Amino acid sequence: MLGTQSRFVQRPQNKPDTMTELADMFYTFVFGDTEFSVPRRYVDLVPKGLGAQGMVVAAMDTITQQSVAIKKLSRPFQNVTHAKRAYREFKLMKLVNHKNIIGLLNAFTPQRTLDDFQDVYLVMELMDANLCQVIQMDLDHERMSYLLYQMLCGIKHLHSAGIIHRDLKPSNIVVKSDCTLKILDFGLARTAGTTFMMTPYVVTRYYRAPEVILGMGYKENVDIWSVGCIMGEMIRGGVLFPGTDHIDQWNKIIEQLGTPSQEFMRRLQPTVRNYVENRPRYPGYSFDRLFPDVLFPSDSSEHNKLKASQARDLLSRMLVIDPEKRISVDDALLHPYINVWYDESEVNAPAPGPWDHSVDEREHTVDQWKELIYQEVMEYDPTTAAAASANEPQPIR
């Protein structure tokens, strides 16, 4: 729980005679500097975390009798980038449907009109912790293997919709106490390219694949690199490649794994290739040395018989700089360290509809993105939608 005082303000609770009155039936809580206004169906709010994308509280949904997480997006309309990301997240959460990807249960806003619209709340399944916390625990082979299996299942489902994540990291993966895992966000938009030499270090890029760091083309197994980084962190207890910027990140990768081949270099853009080829050459270390037996839990005595040697072999196939030689998601799911959990209904769950990549490429003003998000919220929130129906905006394409 956050170390902040909360204050509760109750708005009118009389039985509504009109939809306008119904739209007024929100509770308002103040947690520190953040005001939370939620419909009366949500009770017992408890602050859970505050991050760059917003604040999250736990609550009970009195209609479904389900514990939920309510996320208030942080200033979603402050600029085009924030607004576009919020819209993209909305559309993706509605599209996908898999047990290892977080589900969107509801969305609402306390504002009644587009002109007043400024706050977006997303209601999701409540989880117990993110993977950053789990990594600090002593995990046995069963738990480590099962968490990795679920990550791969979720990634495969995203890929089946044409969504390549490219930005998986522990802070955006959540778990329950029963070891159920869900991917919480949907990564980089397809058009969110990377400029190797100049991009400032705004967000964590420790888990991004070499082809993303170097501004190359990519395919589905770009996400396998991220899973390998997360797995290595589970074993080592610390970040594998904690670069301070893209250049430092690349140096840390090649210092441990070795300078890639000329074949790989030839696929780089000329300016990037010139830089990379002029770095000192590193032979790299064997995975036995990078991840010695002492770092692993004891070999499993359970029926799964999972071993450090299997885990290290999988890691050596994931953490391959050249994506042409890196293991695929499908092959990783069949690896002996993973396939003990293989369930056809989880691995090959029904694919969602295809992702509309034009969303990634659209150019709108902040106000236009705001209107698109408002239309999405209206589909979920009948109280606000009814109050706003008289001034329903024309759809933006």
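Buried here means under 20% relative accessible area, exposed means over 50%, and partly exposed is anything in between (1.4 Å probe, protein chains only). The model is predicted, so local features need pLDDT of at least 70 and side-chain atom pairs count only at pLDDT 80 or more, while totals for chains, interfaces and linings use all residues. Residues are numbered from 1 along each chain as its sequence is written, and side-chain values use heavy atoms, with hydrogens and water left out.

Charged pairs come up first. A salt bridge is counted when a side-chain nitrogen of Lys or Arg is within 4 Å of a carboxyl oxygen of Asp or Glu, and the structure holds 23 of them. One is R312 with D293, where the closest N and O atoms sit 3.0 Å apart. This pair links distant parts of the chain, 19 residues apart: R312 is in helix α11 (residues 308–318), and D293 is in the loop between α10 (287–290) and α11. Helices (H or I, at least four residues) and strands (E, at least two) are DSSP runs, numbered from the N terminus. R312 counts as buried at 11% relative accessibility, whereas D293, at 51%, counts as exposed.

D140 and R143 make another salt bridge, with 2.6 Å between the closest N and O atoms. D140 is partly exposed at 27%, and R143 is partly exposed at 46%. R362 and D356 also meet, at 3.9 Å from N to O; R362 is buried at 19%, while D356 is partly exposed at 39%. Shared partners join K91, K94, E376 and E379 into one salt-bridge network.

Then there are the rings. Rings of Phe, Tyr and Trp (its six-membered ring) pair if their centres lie within 6.5 Å, and planes under 30 degrees apart count as stacked, over 60 as edge-to-face and the rest as tilted. The whole structure has 16 aromatic pairs. In one of them, the F36 and Y121 ring centres are 5.3 Å apart with planes at 80 degrees, so the pair is edge-to-face. F36 lies in strand β3 (residues 34–39) and Y121 in strand β8 (residues 121–125), so parts 85 residues apart in sequence are tied together. Both F36 and Y121 are buried. F77 and F117 form a tilted pair, 5.2 Å centre to centre with 55 degrees between the planes, and both of these residues are buried too. Ring pairs also link F26, F29, F31, F36, Y42, F108 and Y121 into a cluster.
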